[in-house]
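Hi,

Here is the structure I said I would pass on. Have a look at it first, and my notes on what turned up follow below.

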Amino acid sequence: QCCKSLKALHIPNSVTSIGNEAFWNCKALTSIEIPDSITCIGNGAFQGYRFLKSIHIPNGVTSIEDWAFDGCIGLTRIIIPNSVMSIGDMAFYACGKLTSITIPSRVENIGDGAFEKCIGLTKITIPDNVTSIGAAAFAGCIGLTSITIPNRVENIEFNTFKNCSGL
């Protein structure tokens, strides 16, 4: 169990990786400063941050692991840098206030449920390098009205666009 009253977080430049569930369920956190030294955001690292509104992921991050920002229901803005090559399962699950997101051009795989229940999303452009879109990756994105899928995509798994009533 983490510090339930923690409101702000500054991670020093000496840190290179944020481990699994490092700050899981710190529900009061409203501000996070992630240094450029970080290369990986681990499983469930920032899961359950209800009051977090925006986050800037630095250019050195290459991987956003499973459940990294799952349940960040207040998140309205996120910038994912071009250095990111993989977006894990349920990485942004139920981030319902996100209205747009740019998936970086280096990403090859979008994990299962990566953006599931992001009901505020209206448009997604999947970059040309993506070859696989996971199961339920965009399921329940009822605000989604437009999606562009590149020619390199070989696999679109089951329920990828389930309940996307706006498409």
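A cut-off to start with: a residue counts as buried when its relative accessible area is under 20%, and as exposed when that value is over 50%, with partly exposed in between. Ser-63 comes out at 10% relative accessibility, so it counts as buried. Before going further, please keep in mind that this is a predicted model.

**The chain as a whole**

Along the principal axes, the C-alpha atoms fill a box of roughly 40 × 25 × 20 Å. Buried residues account for 49% of the 167 residues. If you take the contacts with a separation of 6 or more, 23% of them are between residues 24 or more positions apart.

**The aromatic cluster**

This is the part I'd look at on screen before anything else. One aromatic cluster is formed by Phe-23, Phe-46, Tyr-49, Phe-69, Phe-92, Phe-115, Phe-138 and Phe-161. The count of aromatic pairs comes to seven. Phe-115 and Phe-138 make a stacked pair, with 5.5 Å from centre to centre and 5 degrees between the planes. That pair links distant parts of the chain: Phe-115 sits in the loop between E9 and E10, while Phe-138 sits in the loop between strand E11 (132-133) and strand E12 (146-148), 23 residues apart. Phe-115 has 0% relative accessibility and so counts as buried. Phe-138 is buried too, with a relative accessible area of 0%.

Phe-138 also pairs with Phe-161: the ring centres are 5.7 Å apart and the planes are at 5 degrees, so this pair is stacked. Here again distant parts of the chain are linked, since Phe-138 is in the loop between E11 and E12 and Phe-161 is in the segment after E13, 23 residues apart. Phe-161 counts as partly exposed because its relative accessibility is 23%.

**A buried aspartate**

What does Asp-70 have around it, given that it is buried yet has no salt bridge? The nearest side chain of opposite charge is Lys-117, and that is 9.4 Å away, whereas a salt bridge needs a side-chain nitrogen of Lys or Arg within 4 Å of a carboxyl oxygen. What Asp-70 does have is a polar contact, side chain to side chain, with Gln-47 at 2.6 Å. Leaving aside neighbours within four places in sequence, Asp-70 is in contact with Gln-47, Gly-48, Met-90, Ala-91 and Tyr-93. You'll find Asp-70 in the loop between strand E6 (63-64) and strand E7 (77-79).

**Two positive phi values**

Most residues other than glycine have a negative phi. Lys-117 has a positive phi of about 65 degrees although it is not a glycine. Lys-117 belongs to the loop between strand E9 (109-110) and strand E10 (123-125), and its relative accessibility of 42% makes it partly exposed. Asn-159 is the other one I noted: not a glycine, yet with a positive phi of about 60 degrees. Asn-159 lies in the segment after strand E13 (155-156) and, at 38% relative accessibility, is partly exposed.

**Two serines**

Back to Ser-63, which is part of strand E6. The side chain of Ser-63 makes a polar contact with the side chain of Glu-65 at 2.3 Å. Not counting residues up to four places away in sequence, Ser-63 touches Thr-39, Cys-40, Ile-41 and Ser-86.

And is Ser-14 buried or exposed? At 64% relative accessibility, Ser-14 counts as exposed. Ser-14 is in the loop between strand E1 (8-10) and strand E2 (17-18). From Ser-14 to Ile-38 is 24 residues in sequence, and 8.8 Å in space from C-alpha to C-alpha.

Cheers

Notes: Residues numbered from 1 in each chain as written. Predicted model: local features only at pLDDT ≥ 70, side-chain atom pairs only at ≥ 80, totals over all residues. Heavy atoms only, no water. Helix = DSSP H or I, 4+ residues; strand = E, 2+ residues; numbered from the N terminus. Buried < 20%, exposed > 50% of the residue type's maximum accessible area, 1.4 Å probe, protein only. Lys, Arg positive; Asp, Glu negative; His and termini not counted. Polar contact = N/O pair within 3.5 Å; in protein donor to acceptor, adjacent residues only side chain to side chain. Contact = heavy atoms within 4.5 Å. Phe/Tyr/Trp six-rings, centres within 6.5 Å; stacked < 30°, edge-to-face > 60°.
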